[in-house]
Amino acid sequence: LIVLCTFSIGSLISENNVPNYWEWLEELSFAAHSSRSMAQSVFSHVAYACYNWTGADTTMTGSTCTIKGQPYVFPCSQPQAYGCDVEGLDVLHIYHGVVDRGMWVSFLYLMLVLLLYRGSVLILYFY
């Protein structure tokens, strides 16, 4: 089970590409909840610059930002004449498919899964 959980954490394959029949494994995976909580904590403090210069790899159109050669469209926060900032959580959601449940919800899921694992080990140990 632990080996299977490593395939559902999003580091080997993005959450957008996980097959439908493997989605249940993500809810049981302690690694998925811990990596999601960590990523949301880190990306909530990051902002990416989307410049509207002629030589830049990014293009700002209205209140959205696109990257040349990529199909993703990111929402801009605080658009300016030179470009805008894109929030890290928006990048995490759009690019990697991480659903924003909140950092603490993922942490509570992690605690619940670990308690269930420990409880099942204790039950198997005594019986």
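**Exercise 1.** Which residue does a disulfide join to C50, and what is the S to S distance?

*Solution.* In this predicted model, a search of the whole structure finds two disulfides, and one of them joins C50 to C65 with an S to S distance of 1.9 Å. That distance can be set against the cut-off, which asks for cysteine sulfur atoms within 2.5 Å. The next step is the handedness: the torsion about the S-S bond of C50 and C65 is about 95°, so this disulfide is right-handed. As for placement, C50 belongs to strand β1 (residues 47-51) and C65 to strand β3 (residues 64-67), so the pair ties together parts that are 15 residues apart in sequence. Both C50 and C65 are buried.

**Exercise 2.** Which elements do the buried residues of α3 pack against?

*Solution.* Begin with the helix itself: α3 (residues 30-43) has 14 residues and reaches 20 Å from its first C-alpha to its last, close to the 20 Å expected at 1.5 Å a residue. Its buried residues are A31, A32, H33, R36, S37, A39 and Q40, and these pack against α2 (23-28), α4 (88-96) and α5 (103-126).

**Exercise 3.** Is L108 buried or exposed?

*Solution.* L108, which lies in helix α5, has a relative accessible area of 58%, and because exposed means over 50%, L108 is exposed. Together with W104, F107, M111 and L114, L108 makes a nonpolar surface patch of about 500 Å².

Definitions and conventions
Residues numbered from 1 in each chain as written. Predicted model: local features only at pLDDT ≥ 70, side-chain atom pairs only at ≥ 80, totals over all residues. Heavy atoms only, no water. Helix = DSSP H or I, 4+ residues; strand = E, 2+ residues; numbered from the N terminus. Expected span 1.5 Å × (residues − 1). Buried < 20%, exposed > 50% of the residue type's maximum accessible area, 1.4 Å probe, protein only. Contact = heavy atoms within 4.5 Å. Patch = residues over 30% accessible without salt bridge, like charges linked within 9 Å, V, L, I, M, F, W, Y side chains within 5 Å. Areas by Shrake-Rupley, 256 points an atom, 1.4 Å probe, with all protein chains shown as cover. Salt bridge = Lys/Arg side-chain N within 4 Å of Asp/Glu carboxyl O.
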